[in-house]
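This report describes a few local features of one protein model. It takes up backbone angles, helix packing, aromatic pairs and selected contacts in turn.

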Amino acid sequence: MSFLSEIRAVFDRLAESAFAELKTGEALNLNLSGEDQTYVRFNDSKVRQATQVRQTTLSLTWQSSGRKVEYSYDLSGQQEWDLATLHSLMARARSEVRVLPEDPYLVPLENHGASDRHHAGRLPVDEEIMATIAGETAGTELTGFFASGPQFRANRNSAGQNHWFSTESAFLDYSLFTINASGENKAVKGLYAARDWNRDEFLAAVEASKNCLPLLRSATRPVAPGEYRVYLAPAAVSDIVGMFSWGAVSYNAWKKGDSALQRLIAGDARFSEQFSLRENFELGLTHRFNTLGELPPADLPIIERGQLKNLLVSSRSAKEYGVESNAADPAGWTGEYLRSAEVLPGELAEADVLQALGTGLYIGNLHYLNWSDVQSARITGMTRYACFWVEDGVPVAPIRDLRFDESLYRIFGSELEALTRESRLIPSVDTYYRRSLGGRKIPGALLQAFRFTL
């Protein structure tokens, strides 16, 4: 029996045993998450750390009398111990919930149906891929992280709903470092990810990154603070789109005054007609059901041709504010965030990007981002990887890292000149606690002006 089949059977036994113990007026929601991964860390093109991680976490939400408590624990793999722990936590919940105040916005558990989805993968053999990565990148000072294996999420509740999602995939998230003629560290960042790992495509991606190194080794071109024409490659645009999940598209955040789209909603600002953002679960990057087992629309427009169409509304926010839910997930760091975002492409062919840019800055990737003024949707961050000064359509020199401070309304609004015809599927490579699911499908963006402050 495979790991996924085995853990699914374990989950079913735990759930059925727990539901059978419930008394009248009690309800239970169970979420299972886990992985069986190979994690390998590279430095200087050598394997520095190789780890095999198999972990499964069970989270339970107990409801009774308008109150709830939540617990989670890691399954040991010893079924009797795991079952005893679950029943122990249920007994604790039954006792503790009596002393809690009623939750006025508690969403009662319902049966939102069933779903069953598995994305089978064809993954590289661990020993072979480690040898390939080390061999093909020798001398490039590669630093990176490789992960490979199955992941799963599952949800069941005592009302009868039953969801399962599993996928098998691998990625190498890497940077190639060098020192240029000005004595500065420079790097190009790359990501290859696939369910059906293709050795030739992987090697081509690494070769494309290596081809950036000769130009990165040339002397740095000083660039003074100011406004410049800029091309943001898909990886850089993806990072900026990620800011929409920091409360910008959350209905709850908007009602509390914390959404960066306040001016758009008020009609005081607008995006370009070229900019359309949607939640698209058909990308297959993550499960569609949320932690309550609700199923959001498979395709939900957020911004369509510059106009706001929907904010993300969880059933909890719907109850609090008396509006209709679109089954956004209330859990996570911010809640009501984009889990599978897509920016629709434009008309500019990638092959024509440099010619269209003319003279300006090519930004391959960014370092980090943060809000500098949420109410104005202004973000700050740094350029970092594969950033070049371009003259008359020809990259001529790397640039020193620059800090920028820009508004989403300028990036995807007044200054947006074109989006590329081609888009990149960029899966999440976060590994906090466990490997993340989700990601984005993103085109590149050509901007008439972009503000650099330092």
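This is a predicted model: local features need pLDDT of at least 70, side-chain atom pairs count only at pLDDT 80 or more; totals for chains, interfaces and linings use all residues.

## Backbone, packing and ring pairs

At a relative accessibility of 54%, Ser65 counts as exposed. Ser65 sits in the loop between strand S2 and strand S3 (67-74). Its phi is near 55 degrees, a positive value in a residue other than glycine. Most residues other than glycine have a negative phi.

Ser45 also has a positive phi, near 65 degrees. Ser45 belongs to the loop between strand S1 (26-43) and strand S2 (46-64). With a relative accessible area of 4%, Ser45 is buried, whereas Ser65 is exposed.

Strand S2 also holds Ala50. This alanine is exposed, its relative accessible area being 51%. Not counting residues up to four places away in sequence, Ala50 touches Tyr39 and Val40. Between the C-alpha atoms of Ala50 and Ser414 there are 47 Å in space, and the two residues are 364 residues apart in sequence.

Ala147 is part of strand S5 (residues 142-157). Its relative accessible area is 0%, so Ala147 is buried. Leaving aside neighbours within four places in sequence, Ala147 is in contact with Gln37, Thr38, Tyr39, Ser169, Ala170, Phe171 and Arg435. Among these partners is Ala170, which is 23 residues from Ala147 along the chain, with 5.5 Å between the two C-alpha atoms. Tyr39 is one of the contacts of Ala147 and is also touched by Ala50.

### Helix packing

Two helix pairs are described here. The axes of helix H1 (residues 3-20) and H2 come within 10 Å and cross at roughly 35 degrees. This crossing of H1 and H2 is right-handed. On the H1 side the contact involves Val10, Arg13, Leu14, Ser17 and Ala18, and on the H2 side Gln79, Asp82, Leu83, Leu86, His87 and Met90. By class, the contact residues of H1 and H2 comprise 6 nonpolar, 3 polar and 2 charged.

Helix H2 (residues 79-96) includes Glu96. Glu96 has a relative accessibility of 32% and counts as partly exposed. From Glu96 to Leu354 the C-alpha to C-alpha separation is 63 Å, and the two are 258 residues apart in sequence.

In the second pair, helix H3 (residues 126-136) packs against helix H4 (residues 199-210) at an angle of about 25 degrees, with the axes 11 Å apart. Angles under 35 degrees count as roughly parallel, and H3 and H4 are therefore roughly parallel to each other. The crossing of H3 and H4 is right-handed. H3 contributes Ile129, Thr132, Ile133 and Glu136 to the contact, and H4 contributes Arg199, Phe202, Leu203 and Lys210. The contact residues of H3 and H4 comprise 4 nonpolar, 1 polar and 3 charged.

### Aromatic pairs

The whole structure contains 22 aromatic pairs. A pair of aromatic rings is described by the distance of the centres and the angle of the planes. Two of the pairs are listed below.

| Pair | Centre to centre | Angle between planes | Arrangement |
|---|---|---|---|
| Tyr231 and Tyr362 | 5.4 Å | 40 degrees | tilted |
| Phe271 and Tyr409 | 5.1 Å | 35 degrees | tilted |

Tyr231 lies in strand S8 (residues 226-232) and Tyr362 in strand S13 (residues 360-363), so their pairing ties together parts that are 131 residues apart in sequence. Tyr231 is buried, with a relative accessible area of 3%. Tyr362 counts as partly exposed, at 24% relative accessibility.

The pair of Phe271 and Tyr409 likewise links distant parts of the chain, 138 residues apart. Phe271 is in the loop between helix H8 (262-266) and strand S9 (277-280), and Tyr409 is in helix H11 (residues 408-414). Both Phe271 and Tyr409 are buried.

Ring pairs also join Tyr228, Trp389, Phe404, Phe450 and Phe452 into a cluster.

Key:
Residues are numbered from 1 along each chain as its sequence is written. Side-chain values use heavy atoms; hydrogens and water are left out. Axes are lines fitted to C-alpha atoms, for helices over the stretch in contact, and angles run from 0 to 180 degrees between N-to-C directions. Helices (H or I, at least four residues) and strands (E, at least two) are DSSP runs, numbered from the N terminus. Angles under 35 degrees count as roughly parallel, over 145 as roughly antiparallel, 65 to 115 as roughly perpendicular and the rest as oblique. A crossing is left-handed if the near helix is turned anticlockwise from the far one by less than a right angle, and right-handed if clockwise. Contact means heavy atoms within 4.5 Å. Ala, Val, Leu, Ile, Met, Phe, Trp, Tyr, Cys and Pro count as nonpolar, Asp, Glu, Lys and Arg as charged, and the others, Gly among them, as polar. Rings of Phe, Tyr and Trp (its six-membered ring) pair if their centres lie within 6.5 Å; planes under 30 degrees apart count as stacked, over 60 as edge-to-face and the rest as tilted. Buried means under 20% relative accessible area, exposed over 50%, partly exposed in between (1.4 Å probe, protein chains only).
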